[in-house]
Amino acid sequence: MTPMLERVLPLCLLLASNVFMTFAWYGHLKYKSAPLVVAILASWGIAFFEYSLMVPANRIGSAVYSVVQLKTIQEILTLLVFAGFSTWYLGQPLKWNHYAAFALIVGAAFLMFYEP
């Protein structure tokens, strides 16, 4: 695997896994009339695909990123995916304070990768 692919492939897999996980965790909120057991089973089914992407992402990514860096990347992607999902799918737009909080988290992520 080329060095560039080793760096980019885990990011793509993490992004895709976060899309699945966001739907697994929050997608059922659009269907609150469905029985809870149905929501749980549907979420488990969706989460299977999330794990099928997350595990290889971490395995491949650990060759070039530390575990802490991988987790930080995953959390940033989670926030980006969730922000889009919240607005697009659930119709709950973000407010200025949400953007400010995200900016602070991105600052923290910068420090995670900063090597003095």
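This is a predicted model: local features need pLDDT of at least 70, side-chain atom pairs count only at pLDDT 80 or more; totals for chains, interfaces and linings use all residues.
A residue counts as buried when its relative accessible area is under 20%, as exposed when that area is over 50%, and as partly exposed in between (1.4 Å probe, protein chains only).

Residues are numbered from 1 along each chain as its sequence is written, and side-chain values use heavy atoms, with hydrogens and water left out.

So how confident is the predictor? Its confidence in each residue, pLDDT, runs from 0 to 100, and the chain averages 93, with 100% of the residues at 70 or above.

Now for the layout. You'll find 4 helices and 0 strands, where a helix is a DSSP run of H or I with at least four residues and a strand a run of E with at least two, numbered from the N terminus.

Next, look inside. A nonpolar core is a set of buried Ala, Val, Leu, Ile, Met, Phe, Trp, Tyr and Cys residues joined through side-chain atoms within 4.5 Å. The largest one here has 9 residues, including L13, M54, Y65 and L70. Helices α1 (3–26), α2 and α3 (67–88) each give at least two residues to this core.

Finally, zoom in on L70. Leaving aside residues up to four places away in sequence, L70 touches L14, A57, N58, G61, S62 and Y65, a contact being heavy atoms within 4.5 Å.

How values were computed. pLDDT is the predictor's confidence in each residue, from 0 to 100.
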